[in-house]
Amino acid sequence: MSEAFIPMADPRAVFLAHQAEITRAIEHVLNSGRYILGAEVSAFEEAFAGFIGSRHCVGVNSGTDALVLALRGLGIGPGDEVITVSHTAVATVAAIELVGAIPVLVDVSEATRCMQPGDLGKALSERTRAVIPVHLYGQPAPMAEMVEFAKAHQLYTIEDCAQAHGAMIDGKKVGSFGDVACFSFYPTKNLGAIGDGGAVVCNDAGLYDKLRWLREYGWKNRYISDMAGMNTRLDEIQAAILNVKLKYLEEENEKRIALAGLYADTLAGTALSLPRQFGGQRHVFHLYVIETEARDALQVHLLQSGIGSGIHYPQAVHQQPAYRGRIRTSGKLEVTEKLVKRILSLPMYPQLEEEAILRVCQVLHGWEGR
Ligand SMILES: Cc1ncc(COP(=O)(O)O)c(C=O)c1O
């Protein structure tokens, strides 16, 4: 009998691990008759702000909306420039354009695959208003240096934490360093809903009020728009699911970290480049991304061996058809362009068995010895 397929991610396995509790939580909402901005959303916002170590949280419809709302909340719009990376999910850049601002894309560090503070100076202009570091794959970007640069140039720092719920630098969670931080609860994320969801966290009470108003048509009081807002509410069912799953997030992050350790130990000595970990930083391995010259062939080989993998992402944002030739980059993005040809995301989710990791590693060792 052939061995079971090992997927790269398995959001259903995460659901099944908490099935009884999640089903009860959904039924509770169904019976409550309150489906939008009720007790579940409030409870989640309080718990998630506490988890990050920030004062406030606003639940929204998606990670993309979280970024749009954060930008709007900070008053960033047409004519303003925002510096971010090209090596990210397209949503980071799309959100900047959705508010009418101009993205300026910088390269990433080869070691962290995240924005590096040294690259920011040359992307700066008198129109720059904010920087958006992305904690990609669960790896924290160097926030102390980033915030220092932003403060020195009167810029806002917006953290894109969509892939890094629970990642830390010196014991402090990412999302608590910048002026505001944005999270996605897309089903495969470390904290995932069963549908779309997102959140914005911040410490400033004035910004928090503005974010809440903008989230719902600019209403300070129901039916009266004091500002032109949007509709990006987190719904009660998703919030109820997130309230259940948040309780297990730390345990599941630890599981991811342990599985990453097993990959690292078992693949040591191969020619594959493995994700790096740095002192004082907690990488939460949303994705376990290796690098190899023969990426495409290896991906096919894995698939033929019953193993799923992914490429995050096959083209950098500035190379994609919607952006190519018109998006502004800060010089040549050499590391980014090299990375996109080499990266491969191996199976990684908290319910993955150690035996499955060992099987993946065995196939990788076999590939090396071919
Ligand atoms: C780095 C990053 N930013 C933003 C987003 C957007 O989140 P969502 O898909 O919830 O809109 C994602 C999700 O894929 C992401 O990975």
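Student: In what sense do strand β6 and β7 pair, and over how many bridges?
Tutor: This is a predicted model. In it, β6, residues 168-169, pairs with β7 in the antiparallel sense, over two bridges.

Student: Which residue stands opposite Lys172 of β7?
Tutor: Ile169 stands opposite Lys172.

Student: What is the strand order in the open sheet?
Tutor: The order is β7-β6-β12, three strands with antiparallel pairing. The edge strands are β7 (172-173) and β12 (281-282), and each of them pairs on one side only.

Student: Switching to the ligand. How many residues surround the ligand, and which are the closest?
Tutor: The ligand is surrounded by 15 residues. Gly63, Thr64, Ala91, Ala162 and Ser184 are the closest.

Student: Which helices each supply at least two residues of that shell?
Tutor: Those are α4 (63-73) and α5 (90-98).

Student: And how does the shell divide into nonpolar, polar and charged?
Tutor: Eight of the shell residues are polar, five are nonpolar and two are charged.

Student: OK, domains. Where are the bounds?
Tutor: Domain 1 covers 12-246 and domain 2 covers 249-368. Their centres, taken over C-alpha atoms, are separated by 24 Å.

Student: How many residues does the contact take from each domain?
Tutor: The contact takes 39 residues from domain 1 and 33 residues from domain 2.

Student: Which elements each supply at least two residues of the domain 1 side?
Tutor: On the side of domain 1 that touches domain 2, they are α1 (11-17), α5, β3 (102-106), β6 and α8 (236-246). Strand β3 gives the most, with five residues. That side of domain 1 divides into 22 nonpolar, nine polar and eight charged residues.

Student: What about the largest nonpolar core, which residues touch the most other members?
Tutor: That core has 105 residues, and those touching the most other members are Ala66, Ala70, Leu71, Ala130, Cys182, Ala199 and Val200. Helix α4 gives the most to this core, with six residues.

Student: Why does this core lie between domain 1 and domain 2?
Tutor: Because domain 1 (12-246) and domain 2 (249-368) both give residues to it. As background, nonpolar side chains tend to be buried together in soluble globular proteins.

Student: Back to Ala130. What does Ala130 touch, leaving out residues up to four places away in sequence?
Tutor: Ala130 touches Leu74, Ile76, Val82, Leu155, Tyr156 and Ile158.

How values were computed: Residues numbered from 1 in each chain as written. Predicted model: local features only at pLDDT ≥ 70, side-chain atom pairs only at ≥ 80, totals over all residues. Pairing = 2+ DSSP bridges. Helix = DSSP H or I, 4+ residues; strand = E, 2+ residues; numbered from the N terminus. Near = placed C-beta within 6 Å. Nonpolar A, V, L, I, M, F, W, Y, C, P; charged D, E, K, R; others polar. Domains from an automatic or database assignment. Contact = placed C-beta atoms within 7 Å. Core = buried A, V, L, I, M, F, W, Y, C linked by C-beta atoms within 7 Å. Buried ≥ 20, exposed ≤ 12 C-beta atoms within 10 Å, placed from the backbone.
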